[in-house]
Amino acid sequence: ISNANTPGFNRQQAVQATNIAQATGAGFIGQGAHVDTVRRIYSEYLGSQVLSASTQAQFYDSFLSQVSQIDNLLSDTTAGLSPALQDFFGAANGVAANPTSIASRQSLLSSGQTLVSRFESINSRLDEIRNGVNAQLQAQVTDINAYAAQIATLNARIVEAQGLNSQPPNDLLDQRDQVISQLNDLINVSIGKQTDGSYNVFIGTGQPLVTGLTANTLTLTDDTLEQGKKNVSFIFGNTAVVIPQQSLETGGALGGLLAFRRTSLETAQNALGRIALGFAQSFNEQHQLGQDLNGVLGGRFFNI
């Protein structure tokens with residue numbers, strides 16, 4: 001009861017066995033009982049269900065906290081893109097209604113510059129979010145490596161303890177399960193139990209993070225096709241091998257970050273670029289069909 005709120009604690013139960021009776025002239029006399037072992041009350045099935053639910057919860061929490069930034073950025077009624085577009089078209093309508101008004105023309109130029117600045121500021125903010133994702137990925141990869149090393153160390157201690165007296169080292173098993181739970185909150189893992197009591201820990205599509213007493217190392221590497229993008233990779237010897245990033249999006253806070261970057265951040269930034277390009281080209285084409293006050297055909301209103 002005193003350990004009910006201790007992280008990772010599992011209840012333990014003393015298992016008693018009957019002592020060998022003592023033979024006497026009057027027959028066999030019982031010698032009472034002894035503690036045969038201390039059993040850990042633990043269900044592997046329920047434990048795996050908790051891990052599955054926990055890693056999904058962390059995935060969605062991580063995804064939500066990131067995607068909310070984009071939602072707040074684009075839906076802002078004063079600093080979003082939509083108000084700047086509306087103001088620009090309002091100024092364009094003013095020039096159309098009164099073509100000779102210098103004030104209306106200057107208002108359109110000012111609105112155009114404001115719109116350009118708005119595109120740039122939103123893109124800069126998306127770049128900041130991207131850099132923030134990279135920083136969080138780096139911190140989480142560092143934590144994952146630390147947890148993997150702890151699991152490998154606990155594997156060694158558990159194998160050694162079980163070899164001494166064939167009794168389960170319950171406290172060490174609790175510690176290992178707790179570290180696995182913390183690791184699972186960062187990245188979805190699957191567990192393979194070995195005959196010597198050690199665990200193998202796998203991530204992604206079966207990449208081994210921990211194999212018995214050995215922990216492998218993750219790192220971040222630069223994407224070869226996209227500047228500023230970092231990929232989670234395995235270190236094998238002196239070589240970093242990129243893990244298929246979508247295979248890590250099955251759970252955990254790190255999976256939530258990767259999924260957000262792929263499905264929301266990159267999509268939003270690409271869409272922003274397409275809107276800017278399409279809008280500027282279309283407006284330039286229309287603007288070049290018109291004439292200025294001296295009857296000269298219009299040029300490009302926006303530089304792309």
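Mentor: Helix H1 (residues 44-75) packs with H3 at an angle of about 170°, their axes being 11 Å apart. Helices here are DSSP runs of H or I with at least four residues, strands are runs of E with at least two, and both are numbered from the N terminus. Axes are lines fitted to C-alpha atoms, for helices over the stretch in contact, with angles from 0 to 180 degrees between N-to-C directions.

Trainee: Before we go on, where does the model come from?

Mentor: This is a predicted model: local features need pLDDT of at least 70, side-chain atom pairs count only at pLDDT 80 or more, and totals for chains, interfaces and linings use all residues. Residues are numbered from 1 along each chain as its sequence is written, and side-chain values use heavy atoms, leaving out hydrogens and water.

Trainee: OK, back to the helices. How are H1 and H3 oriented to each other?

Mentor: They're roughly antiparallel, a label for angles over 145 degrees. On the H1 side the contact involves Gln66, Gln69, Ile70, Leu73 and Leu74, and H3 brings residues including Ile122, Arg125 and Leu126. Contact means heavy atoms within 4.5 Å.

Trainee: Switching to sheets, what's the strand order in the three-strand one?

Mentor: That open sheet goes S9-S10-S11, with antiparallel pairing. Two strands pair if DSSP finds at least two bridges between them.

Trainee: Which strands stand at the edges?

Mentor: S9 (217-222) and S11 do; each has a single partner strand, so one side of each lacks a neighbour in the sheet. S9 pairs with S10 (residues 230-236) over six bridges, and Asp222 stands opposite Lys230 in S10.

Trainee: What lies across S9 and S10?

Mentor: Helix H3 (residues 102-165), running at about 160° to S9. H3 also lies across S6 (199-203), S7 and S8, at about 50° to S7.

Trainee: And which sheet do those belong to?

Mentor: An open, antiparallel one of four strands, ordered S5-S6-S7-S8. Two bridges join S7 (residues 207-211) to S8, and Thr211 has Thr214 in S8 as its bridge partner.

Trainee: New topic: is Ser247 buried or exposed?

Mentor: Buried, because its relative accessibility is 11% and the cut-off is under 20% (1.4 Å probe, protein chains only). Ser247 sits in the loop between S11 (239-242) and helix H5 (252-287).

Trainee: What does Ser247 touch?

Mentor: Gly204 and Thr205, leaving aside residues up to four places away in sequence. The Ser247 side chain also reaches the backbone oxygen of Pro244 at 2.5 Å.

Key:
Buried means under 20% relative accessible area, exposed over 50%, partly exposed in between (1.4 Å probe, protein chains only). A polar contact is a pair of N or O atoms within 3.5 Å; within protein, one must be able to donate a hydrogen and the other to accept it, and residues adjacent in sequence count only if both atoms are side-chain atoms. Angles under 35 degrees count as roughly parallel, over 145 as roughly antiparallel, 65 to 115 as roughly perpendicular and the rest as oblique.
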